[in-house]
Amino acid sequence: MGMKMILVNLLLERYRTALVFSYRTLVLILMLIAIQKIDSLNAKLISIATDASDAAEYAEQAFGLAEVTRSAAIGADINASKAVKAAEAARSECLFQALQGK
């Protein structure tokens, strides 16, 4: 058992620098991958935020169009009411003239 430990210690001592270098390289590679993933997620979040901003702008434009349409509908209703009143007045005038024999 003692001889195995001595061999393991000798091997570790001999390859310690290579192991530490490999470990640091692995950590560096993992950090670079993490940074790349974070950059990718940031780009996706920016894209989502841009899409949300565009959607909000379209919703605002749709609301403006709805207001214009509502105003036009109110105006049409007012005009229709005036037309009905004018037709009723004309009908009354025609009836009045018909009763007077004109």
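Which residues make the nonpolar surface patch of about 430 Å²? In this predicted model, the patch comes from Met-3, Ile-6, Leu-7 and Leu-10. Met-3 sits in helix 1, and with a relative accessibility of 58% it falls in the exposed class. That puts Met-3 above the 50% cut-off for exposed residues.

As for the overall fold, there isn't much to list: the chain has one helix and zero strands. The radius of gyration comes out at 43 Å, whereas the globule rule gives 13 Å for 102 residues, so the chain is more spread out than a compact globule. The C-alpha trace tells its own story, spanning about 140 × 25 × 10 Å along the principal axes. Helix 1 itself covers residues 2-100.

Then there is the matter of burial. Of the 102 residues, 0% count as buried, the cut-off for that class being under 20% relative accessible area. In total the chain exposes about 9,300 Å², and carbon and sulfur atoms account for 69% of that area.

Turning to charge, the chain carries 11 positive and 10 negative side chains. The centres of these two sets lie 13 Å apart. Some of the negative charge is gathered on the surface, in a patch made up of Asp-51, Asp-54, Glu-57 and Glu-60. One of these residues, Glu-60, belongs to helix 1 and is exposed, with a relative accessible area of 60%.

Side chains of opposite charge can pair when their charged atoms come close. In this structure there is one salt bridge, and it links Glu-67 to Arg-70. The closest N and O atoms of the pair are 3.8 Å apart, which meets the 4 Å cut-off for a salt bridge.

Terms used. Residues are numbered from 1 along each chain as its sequence is written. This is a predicted model: local features need pLDDT of at least 70, side-chain atom pairs count only at pLDDT 80 or more; totals for chains, interfaces and linings use all residues. Side-chain values use heavy atoms; hydrogens and water are left out. Patches are made of residues with over 30% relative accessible area and no salt bridge: like charges are joined within 9 Å, nonpolar side chains (Val, Leu, Ile, Met, Phe, Trp, Tyr) within 5 Å. Accessible areas come from the Shrake-Rupley method with a 1.4 Å probe; for residues, only the protein chains shown count as cover. A salt bridge is a side-chain nitrogen of Lys or Arg within 4 Å of a carboxyl oxygen of Asp or Glu. Lys and Arg count as positive and Asp and Glu as negative; His and the chain ends are not counted. The place of a charge is taken as NZ of Lys, CZ of Arg, CG of Asp or CD of Glu. Helices (H or I, at least four residues) and strands (E, at least two) are DSSP runs, numbered from the N terminus. Buried means under 20% relative accessible area, exposed over 50%, partly exposed in between (1.4 Å probe, protein chains only). The radius of gyration is taken over C-alpha atoms; the globule rule is 2.2 Å times the number of residues to the power 0.38.
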